[in-house]
Amino acid sequence: LHHLSDADAAAVLRKMAAAADRVVVNDLERTRAGYVAARVGTRILSASPVVHNDGPLSVRAAMTAGELARLAADAGLRDARVTRRFPFRLLLEWGRA
């Protein structure tokens, strides 16, 4: 979802909910520690300047848990649950009642 605008991400969540009884999304969490880890990790794990740039940019574009929960609510996913996962990830879970 971090590659999409809020409006497009909400539209994707609505389409997923319309097509399935359960929606599960695992995405990056925007945190300072995650940003630092992305800066350091991309340099340790890759020699590519593209990776060095894209990893930290993705973390900066990611959402916080509260932002993801609000996005899910705006998309009509009532009672969606957002939990933090290691390392620096968010898990959105929703099921049709």
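**A charged network across the sheet**

In this predicted model, Glu93 and Arg22 form a salt bridge in which the closest N and O atoms are 3.3 Å apart. Because Glu93 belongs to strand 3 and Arg22 to strand 1, the pair ties together parts that are 71 residues apart in sequence.

Arg81 is partly exposed, its relative accessible area being 48%. Through shared partners, the salt bridges join Arg22, Arg81 and Glu93 into one network.

The strands that carry these residues belong to an open sheet of 3 strands, arranged in the order 1-3-2 with antiparallel pairing. Strand 1 (22-28) and strand 2 (81-85) are the edge strands, each of which pairs on one side only, and the twist from one strand to the next averages 20°. Helix 1 (residues 6-19) packs on this sheet, where it touches strand 1 and strand 3, and its direction makes about 150° with that of strand 1.

Strand 3 is joined to strand 1 by 7 bridges, with Asn26 standing opposite Leu91. Between strand 2 and strand 3 (residues 89-95) the antiparallel pairing extends over 5 bridges; Arg81 stands opposite Glu93, and Val82 has Leu92 as its bridge partner. The hairpin of strand 2 and strand 3 has 3 residues between the strands, and in it Phe88 takes a positive phi near 60°. Strand 3 is largely enclosed by the rest of the structure, because 5 of its 7 residues are buried.

The whole structure holds 5 salt bridges, and one of them links Glu67 with Arg30, the closest N and O atoms being 2.9 Å apart. Glu67 sits in helix 4 (residues 65-74) and Arg30 in the loop between strand 1 and helix 2, so that the pair links distant parts of the chain, 37 residues apart. Both count as partly exposed, Glu67 with a relative accessible area of 27% and Arg30 at 30%.

A nonpolar patch on the surface is formed by Val36, Val40, Ile44 and Leu45, which together have about 440 Å² of accessible area. Val36 is found in helix 2 (residues 32-45) and counts as partly exposed at 49% relative accessibility.

Note on methods: Residues numbered from 1 in each chain as written. Predicted model: local features only at pLDDT ≥ 70, side-chain atom pairs only at ≥ 80, totals over all residues. Heavy atoms only, no water. Patch = residues over 30% accessible without salt bridge, like charges linked within 9 Å, V, L, I, M, F, W, Y side chains within 5 Å. Areas by Shrake-Rupley, 256 points an atom, 1.4 Å probe, with all protein chains shown as cover. Salt bridge = Lys/Arg side-chain N within 4 Å of Asp/Glu carboxyl O. Helix = DSSP H or I, 4+ residues; strand = E, 2+ residues; numbered from the N terminus. Buried < 20%, exposed > 50% of the residue type's maximum accessible area, 1.4 Å probe, protein only. Pairing = 2+ DSSP bridges. Axes fitted to C-alpha atoms, helices over the stretch in contact; angles between N-to-C directions. Contact = heavy atoms within 4.5 Å.
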